[in-house]
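Please look at the sequence and the model first.

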Amino acid sequence: DACSACGWTAEVFPSIDSTNAQALRQLAAGSQAPLLVLAERQESGRGRRGRAWVSPFGENLYYSLGLRIEGGSYSLDGLSLTVGVAVLRALQESGCVGVGLKWPNDVLVAGRKIAGVLLELSGDPAGLCQVVVGVGVNANMLPGASIAIDQAWTSLREQSGVLVDRTALVLCLNRWLAHYLALHVAEGFAGVRAEWEVEHLWQGRAVTLSAGPQQIEGVVLGVDKQGALRLDVAGEERQFSGGELSLRLR
Ligand code: ATP
């Protein structure tokens with residue numbers, strides 16, 4: 001039902017290990033794509049690098065869109081940043097004020113995380129592959145003793161003071177994702193880059209980039225047309241990309 005408007009197939013679960021894992025399994029088993037997987041709860045919701053996404057029952061959006069793409073013609077570069085812009089637009093349309101992006105894939109309000117994006121891939125990145133676009137949005141979750149998240153976070157409800165209609169939020173996110181994915185297919189991240197930079201909270205800011213054990217200090221210049229972070233490091237421009245990188249304000 002949530003998908004009839006865009007012709008996607010959908011699966012909704014009361015509880016699942018991870019909506020991304022389910023979408024990957026279904027694509028591997030030959031399911032038709034685009035396939036949307038939604039759950040009321042995730043038993044082991046995933047973040048980047050094996051971290052967990054806290055996913056209590058009935059509160060939030062645990063949303064994974066499974067796609068089958070030709071990696072060679074549809075560049076994967078910057079795709080998670082493109083998805084971040086789509087999520088941000090959906091939150092703005094839902095009345096969220098002051099929402100912005102943090103490279104590479106966080107969506108923040110007043111320095112607190114309100115949504116996260118996790119792309120997972122299987123198959124051949126240069127040929128036919130399966131991509132799962134995972135989005136977690138904190139919709140109605142409020143701070144409380146049972147919620148243990150080790151960094152600052154917020155939710156749409158905390159920001160707006162009203163209960164969020166999650167079905168409406170799914171439909172809104174579907175629309176923005178369809179729009180930005182089409183733009184990305186046509187033009188690559190280059191077509192989204194300017195918008196992404198406008199929404200980047202840390203443009204021009206002094207930051208520390210952690211690259212494994214290495215710490216690099218620089219000033220954020222922006223992103224390139226592949227979505228790599230451009231930093232001014234001691235007067236010289238350097239580019240950074242890859243899953244192991246993490247930014248902090250200095
Ligand atoms: P980076 O800042 O480098 O992007 P990250 O810490 O934001 O990394 P992610 O993998 O994007 O890492 O997200 C996982 C992290 O997000 C968890 O380690 C936890 O700190 C936080 N987190 C987990 N669940 C939630 C949630 N529901 N809302 C907000 N933040 C969460």
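## Terms and model

Two residues are in contact if their C-beta atoms, placed from the backbone, lie within 7 Å. This is a predicted model: local features need pLDDT of at least 70, side-chain atom pairs count only at pLDDT 80 or more, and totals for chains, interfaces and linings use all residues. Residue numbers start from 1 along each chain, following the sequence as written.

Seven strands make an open sheet in the order 1-2-3-7-6-5-4, with mixed pairing. Strand 1 (9-13) and strand 4 (99-102) are the edges, each pairing on one side only. From one strand to the next, the twist averages 20 degrees. Helices (H or I, at least four residues) and strands (E, at least two) are DSSP runs, numbered from the N terminus. Two strands pair if DSSP finds at least two bridges between them.

Strand 4 and strand 5 (residues 106-109) pair in the antiparallel sense, over four bridges. G100 stands opposite L108 of strand 5.

## Helices on the sheet

Helix 1 (residues 19-28) lies across strand 2 (35-39), strand 3 (61-70), strand 6 (112-123) and strand 7 (128-137). It runs at about 30 degrees to strand 3. Helix 4 (residues 166-187) also packs on the sheet, touching strand 2, strand 3 and strand 7. Its direction makes about 25 degrees with that of strand 3. Axes are lines fitted to C-alpha atoms, for helices over the stretch in contact; angles run from 0 to 180 degrees between N-to-C directions.

## D106

D106 lies in strand 5. Is D106 buried or exposed? It is buried, because 21 other C-beta atoms lie within 10 Å. The cut-offs are 20 or more for buried, 12 or fewer for exposed, and partly exposed in between, with C-beta atoms placed from the backbone.

Leaving aside neighbours within four places in sequence, D106 is in contact with L101, K113 and G116. The C-alpha atoms of D106 and H184 are separated by 19 Å, and these residues are 78 apart along the chain.

## Domains

The chain divides into domain 1 (9-198) and domain 2 (203-249); the bounds come from an automatic or database domain assignment. Their C-alpha centres lie 23 Å apart. 13 residues of domain 1 are in contact with nine residues of domain 2. Helix 5 (residues 193-199) gives the most to the domain 1 side, with three residues.

## Ligand site

16 residues surround the ligand (C-beta atom, placed from the backbone, within 6 Å). The closest are G47, R48, V54, W153 and S246.
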